[in-house]
Amino acid sequence: MNTGPTISRELLAEAMYALFEFSPVAFCISTTDEPSYYVRVNSAYLRLFGREWSELEGQPISLHMSGSPDAPARQRRMEKLATVGFYELEEVDLIHTSGHVVPTLISAHRCVIGGASVDIEIIVDNTDRKALENAIRQAAHTDTLTQVANRAGFEWLLARTIALPAPGQAIGLAYIDMNGFKAINDQWGHSVGDAVLRIVGQRLGGAVAADDRVGRLGGDEFAILFRVPDTALPQRQRFDDLAKTVCQPILIGETILTIGLAMGVAVMNAPKSPDDLLNRADRLMYEAKASGDLIAIRLEHFEAPSEANPADLG
């Protein structure tokens with residue numbers, strides 16, 4: 001059987017060097033010690049991060065890391081290299097020289113070349129796939145009627161906010177139920193009711209701070225997620241002003257409609273789960289609604305529930 005010509009190690013080395021230099025995929029060779037330093041990168045790597053080799057030579061590879069070299073995810077990858085000698089297709093965010101994040105997929109292999117231990121990384125630009133994933137997530141998490149977050153999206157945002165605490169910041173949640181909406185829907189029909197909900201969503205989105213998040217939890221129920229300094233907890237006036245903005249008369253065609261709202265606002269320094277805030281804000285909203293006022297607000301600051309004694313939700 002003809003197996004083809006034998007390729008010498010020298011010829012193979014030349015072919016691999018050509019592959020390294022001209023590959024459209026980024027390659028990086030670095031030392032295995034800590035901190036790890038650049039040994040060599042190819043042209044695709046330089047293009048991916050907007051660098052010249054003269055800027056990288058002799059520099060630690062942490063130059064393009066988005067987090068600390070001691071971050072758990074990187075330590076886990078380093079442990080794989082130390083124990084099994086490789087890892088494959090790990091999602092890693094790196095930093096372009098301009099400062100923007102470059103999502104990547106990295107596969108790495110630890111080997112000995114010329115008596116020196118090195119790590120060889122193959123780095124694939126993952127920007128397009130992550131953008132598609134984010135677009136799909138955004139679509140799945142957006143209420144099609146009002147264009148604010150739907151319940152799944154809002155709960156995802158709430159869980160993420162709790163999981164990533166900001167020092168010195170409390171987390172607040174305003175739970176809103178529209179007063180008078182059912183009567184409008186019954187009298188004028190669903191098309192008018194939908195128009196009212198769209199306007200409410202727009203007003204809420206325009207009335208909150210840039211970092212606040214608005215969601216529609218279902219029907220005529222909305223919510224606002226926000227952070228505040230734990231030394232300057234929000235006062236009732238903030239939500240009175242918000243309610244006045246949202247509850248301005250609504251003109252649909254030639255018809256002027258009046259709406260109100262019941263709002264429960266729960267603020268907590270360190271909630272341990274989404275329910276810690278959702279349940280409290282929901283209870284406060286029902287207390288406000290029970291007042292019978294067109295616009296009613298209940299605001300309360302809570303201590304975080306203890307581990308031993310989960311929150312008394314009242």
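Q: Which residues does H100 touch, not counting residues up to four places away in sequence?
A: In this predicted model, H100 touches L94 and I95 once residues up to four places away in sequence are left out. H100 is found in the loop between β3 and β4.

Q: Is H100 buried, exposed or partly exposed?
A: Relative accessibility decides the class: under 20% is buried, over 50% is exposed, and the range in between is partly exposed. H100 has 42% relative accessibility, so it counts as partly exposed.

Q: What separates the C-alpha atoms of H100 and G85?
A: These two residues are 15 residues apart along the chain, and their C-alpha atoms are separated by 31 Å.

Q: How do β3 and β4 pair, and over how many bridges?
A: Strands of a sheet pair through backbone hydrogen bonds, either parallel or antiparallel. Here β3 and β4, the latter covering residues 101-113, pair in the antiparallel sense over eight bridges. As for individual positions, D93 stands opposite P103 in β4.

Q: In what order do the five strands of the open sheet stand?
A: The order is β2-β1-β5-β4-β3, with antiparallel pairing. β2 (38-41) and β3 (86-95) stand at the edges with a single partner strand each, so one side of each has no neighbour in the sheet. Neighbouring strands of this sheet are turned by 30° against each other on average, direction ignored.

Q: What joins β1 to β2?
A: A hairpin does, through six residues. Strand β1 (residues 26-31) pairs with β2 in the antiparallel sense over three bridges, and I29 stands opposite R40 in β2.

Q: Which strands does helix α4 lie across?
A: Helix α4 (residues 72-83) lies across β3, β4 and β5 (116-125). Its direction is about 150° to β3.

Q: Which residues of the largest nonpolar core touch the most other members?
A: In soluble globular proteins, nonpolar side chains tend to be buried together. The largest nonpolar core here has 33 residues, and M178, V196, L204, I224 and M263 touch the most other members. Two or more residues each come from β6 (169-179), α7 (181-188), α8 (190-207), β8 (221-229), α9 (236-246) and β11 (260-268). The largest share, six residues, is that of α8. A second, separate core has 22 residues, including Y38, F49, I61 and A108.

Q: What is M178 in contact with, leaving aside its neighbours within four places in sequence?
A: The contacts of M178 are V200, D220, F222, V246, I259, G260, L261 and K289.

Q: At what angle do α7 and α8 pack?
A: The angle runs between N-to-C directions. For α7 and α8 it is about 145°, and their axes are 7 Å apart. On the α7 side the contact is made by F181, I184, N185 and W188; on the α8 side, by H190, V192, G193, V196 and L197. By class, this contact has six nonpolar, three polar and no charged residues.

Q: How many helices and strands does the protein chain have, and what does it span?
A: The protein chain has 10 helices and 12 strands. Its C-alpha trace spans about 90 × 50 × 40 Å along the principal axes. The radius of gyration is 28 Å, while a compact globule of 314 residues would have one near 20 Å. Of the 314 residues, 41% count as buried. Among contacts with a separation of 6 or more, 56% are between residues 24 or more positions apart.

Note on methods. Residues numbered from 1 in each chain as written. Predicted model: local features only at pLDDT ≥ 70, side-chain atom pairs only at ≥ 80, totals over all residues. Heavy atoms only, no water. Core = buried A, V, L, I, M, F, W, Y, C linked by side-chain atoms within 4.5 Å. Buried < 20%, exposed > 50% of the residue type's maximum accessible area, 1.4 Å probe, protein only. Helix = DSSP H or I, 4+ residues; strand = E, 2+ residues; numbered from the N terminus. Contact = heavy atoms within 4.5 Å. Axes fitted to C-alpha atoms, helices over the stretch in contact; angles between N-to-C directions. Nonpolar A, V, L, I, M, F, W, Y, C, P; charged D, E, K, R; others polar. Pairing = 2+ DSSP bridges. Rg over C-alpha atoms; globule rule 2.2 N^0.38 Å.
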